[in-house]
Amino acid sequence: MAITGVKGFNDILPGEVEKWQHIEATARRVFELYGLSEIRIPILEKTELFCRSIGDATDIVEKEMYSFEDKGGNKVTMRPEGTASVMRAFIEHKMHALDPVARLYYMGPMFRYERPQKGRYRQFHQIGAEITGVSSPTVDAQVLTMLTHFFQELGLTEPSLQVNSLGCPCCRPNYREALKSFLYERIELLCDDCKRRYETNPLRALDCKSPGCQEATKGAPSMLQYLCDDCSTHFGKTRSYLDLVGTPYAINERMVRGLDYYTRTTFEMVTTMLGAQSAVAAGGRYDGLISELGGPQIPGIGFAMGVERVALLLAEKEFARRPDLFIAAIGEEAHAEAFRLMAALQRNGIAVEIDYEGKSLKSQMRRADKFNSRFTLIIGEDELAKSAAPLKNMDGGTQEEIALDAALIAKVIKVIKG
Ligand code: ATP
Ligand code: MG
């Protein structure tokens, strides 16, 4: 029996991969406009890194991590997200000594043991960005504007941006207590997960999808009413900078992120098109994370988007690559000429296809059709005899005779490149 792939781990085949390349290229192009540089981080990290950064009472650390002991007995984990690794690298390479302001992006696979479904897989891919060293709300607004810009460049009007503030270690404990006392009388309504984390992570009940939790949290106090003066000013300024540059957003007071390290501004790009998989991108400020991981007291902010979910939103769009030219050749001599021409044109930056087997003209034209090539050049015995062949523009239908002489290659390049 043939061996199949592992459940929740997908292949991305030609036809689909062009969409991925387009998403990745758009991210690189847009993020670099905002001064970000790429960082490549490893897939395997010490398990401790994620326990310490993401937090022990989170879904990721409690039940989703691909952790194992390697042959040397070291506890390692296949990264479930990128921020912890980027910050680990930032500290390890003392990047802050050179400049505390690092503006970084990454892309690559992440691993979480979840129940696979549309938009949720065990190996999935994120494109993420992180900016360290600035606590000013201008950077919060810039990160959100950059993310919005990215989706605009993809031509998507969905997803839409939701923002909230989760406060800081100074004001969040007060809110936690207020929320706990509010939930105390409604605790029986909470799902088992939220009951269990009532002490360790009560905020999760606010965005829990179970109907009981939604009922229990109806009318719950809002974090925004509990923000300290500094956090409140920060949130207000973030909003006014967003308004200043016309970045659209809505406030969602119930948004709490599933990772412990977030402070102040948190946000999600949400869609209504993917059912329960509504978050396409998510992130926030993490002013305590770098010091928590043993680095200096440097603030940071970032986000990660799920590439599979972005690809699903782009479902209807066409990204197939088209060759510039298909050369149909009939007969041994014409076939050799087509092969020679193809190689010369490819070396000059023109994408060319021929029929390797030299089948009938009809089947070669079917192949040209399948490739959807922009131009076709037909070389048969007649064409060789009169030393001229028709070069046809498949989009406009126009056709011109091209002399099969020493100037042929230059002429074809000129016509194709316009
Ligand atoms: P969700 O609420 O859907 O589980 P999350 O809060 O766990 O998302 P984050 O950890 O913030 O997600 O990751 C950022 C983004 O990565 C998500 O918004 C989503 O687009 C994507 N993502 C997360 N988990 C998966 C997964 N298992 N499969 C595909 N994409 C995912
Ligand atoms: Mg999740």
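Here are some questions and answers about the predicted model shown above.

Me: What should I know about the numbering and the model before I start?
Reply: Residues are numbered from 1 along each chain as its sequence is written, chains are lettered from A and ligands numbered from 1 in the order in which they are written, and side-chain values use heavy atoms, with hydrogens and water left out. This is a predicted model, in which local features need pLDDT of at least 70, side-chain atom pairs count only at pLDDT 80 or more, and totals for chains, interfaces and linings use all residues.

Me: In what order do the strands of the open sheet of 5 strands stand?
Reply: Strands (E, at least two residues) and helices (H or I, at least four) are DSSP runs, numbered from the N terminus. Two strands pair if DSSP finds at least two bridges between them. The pairing here is mixed, and the order is β13-β12-β14-β15-β16.

Me: Which strands stand at the edges of that sheet?
Reply: An edge strand here has a single partner strand, so one side of it is left without a neighbour in the sheet.

Me: How many bridges join β12 to β14?
Reply: Strand β12 runs parallel to β13 (residues 352–354), with 3 bridges between them, and Leu-325 stands opposite Val-352 in β13. Strand β12 also runs parallel to β14 (residues 375–379), where Phe-326 stands opposite Thr-376. The number of bridges joining β12 to β14 is 5.

Me: How many residues of strand β12 are buried?
Reply: Buried means under 20% relative accessible area, exposed over 50% and partly exposed in between (1.4 Å probe, protein chains only). In a regular strand the side chains alternate between the two faces of the sheet. Leu-325, Ile-327 and Ala-329 point one way from β12, and Phe-326 and Ala-328 the other way. The buried count for β12 (residues 325–329) is 5 of 5.

Me: What angle does the direction of α13 make with that of β13?
Reply: Helix α13 packs on the sheet and touches β12, β13 and β14, where contact means heavy atoms within 4.5 Å. Axes are lines fitted to C-alpha atoms, for helices over the stretch in contact, and angles run from 0 to 180 degrees between N-to-C directions. The angle is about 160°.

Me: Is Lys-19 buried or exposed?
Reply: Lys-19 lies in helix α1 (residues 17–33). Not counting residues up to four places away in sequence, Lys-19 touches Ala-311, Leu-314, Ala-315, Lys-317 and Phe-319. Because its relative accessible area is 7%, Lys-19 counts as buried.

Me: Is Lys-94 buried or exposed?
Reply: Lys-94 is found in the loop between α4 (83–92) and α5 (95–98). Lys-94 has a positive phi of about 45° although it is not a glycine. Because its relative accessibility is 55%, Lys-94 counts as exposed.

Me: Which peptide bond is cis?
Reply: Look in the loop between α6 and β7 (160–165), where Pro-159 lies. With omega near 0°, the cis bond is the one from Glu-158 to Pro-159.
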